[in-house]
Amino acid sequence: MAFETLIVEISDHICLIRLNRPEALNALNTQLLGELGQALREAEENEKVRCIVLTGSEKAFAAGADIAEMSQQSFVEVFGSDLFGAEAEAILRCRKPIIAAVAGYALGGGCELAMMCDFIIAADTAKFGQPEINLGVVAGMGGTQRLTRFVGKSKSMDMHLTGRFMDAEEAEKSGLVSRVVPAKKLMEEAMGAAAKIARKSALTTMAVKEAVNRSYEMPLREGLLFERRLFHALFATEDQKEGMGAFLEKREAQFRDK
C-alpha cells in the first residue's frame, strides 16, 4: 500500500517506518495514525519482517497531535468516535518488536507514540513532553499512565502539570529511554539494535514482549508464573534446541521460528 504520511522501507528483515508530515513537524492526525496502523499490520503479516524501527525527522519525531484537526470538535464527536482509541490499539496489537528512534521533539501524542513502542533510543537532541495542559486538556493516548510508570509519580506530575520538556539526558536517567546517542548516529544505533533483534527467534521475541508488558498489568506472583510458563513452553520449539545447542557448540545460532 502507498502511504501519503509515511515512508516505509523494508531491508534485511527490518521495516523502517518514517513519519512524514514535515510541514507539521509530524503532528499526528487521523490520516497518519490510520496509515501507521496499516503499515504495522502489513509488517506484522510480512514474514520477511522481524523487527520494526519507527522514527521521524531530525527536527521532530512528532510534535504532538494535530491541534488544527481537533480544536473545533465537540465532546459528542470525540467521545462518539472514541478519538485515538482504535489508532492506539492498532499500534499496541503489533507482536513484533518496535524500536522508537527519537530526535528532536516528541511532545504530547508524539511522546505517547514513542512510549507505545518497545523501547526508545534517543538522539542527544531529543526533547520529551506532555504539554496538553497548555491546551486545556489532558493526555489522550496513555501519557498520564505510561509516563508515570516510566519515570515515577513526581516527574510525571511535574511534566503534566507544568508542561515542561525533558531533555534526552534526563530522559535516560529517569528510565524513559534506553540509551542516548549523538544525533548523527541515531539511525545507525537504532538499525544496529534492530539487526540484533532480527537475528533472534521471532517466537522468543514475541514471548519477551508479552512477558515484559504483562509485568505492568499483573501482580508480581502472577507475572512470575506467566513468565515461567512461557519459559517452559519455549522448550517445545526447535529454536530452543538450536539456541542451546549453538551455545554448547560455541557457534552462532540459526533460528528458524519453529
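**Burial and salt bridges in a predicted model**

Biologist: Why is Glu170 called buried?

Modeller: Its relative accessible area is 18%; buried means under 20%, exposed over 50% and partly exposed in between, with a 1.4 Å probe and protein chains only, so Glu170 counts as buried. This is a predicted model, in which local features need pLDDT of at least 70, side-chain atom pairs count only at pLDDT 80 or more, and totals for chains, interfaces and linings use all residues. Residues are numbered from 1 along each chain as its sequence is written, and side-chain values use heavy atoms, with hydrogens and water left out.

Biologist: Why is Lys155 called partly exposed?

Modeller: Lys155 has a relative accessible area of 30%, which lies between the cut-offs for buried and exposed.

Biologist: What makes Glu170 and Lys155 a salt bridge?

Modeller: A salt bridge is a side-chain nitrogen of Lys or Arg within 4 Å of a carboxyl oxygen of Asp or Glu. For Glu170 and Lys155 the N to O value is 2.7 Å, so the pair qualifies. Lys155, Asp158, Arg164 and Glu170 are linked in a network of such bridges.

Biologist: What makes Arg21 and Asp66 a salt bridge?

Modeller: Their closest N and O atoms are 3.0 Å apart, and both residues are buried.

Biologist: How many salt bridges does a search of the whole structure find?

Modeller: The search finds 13.
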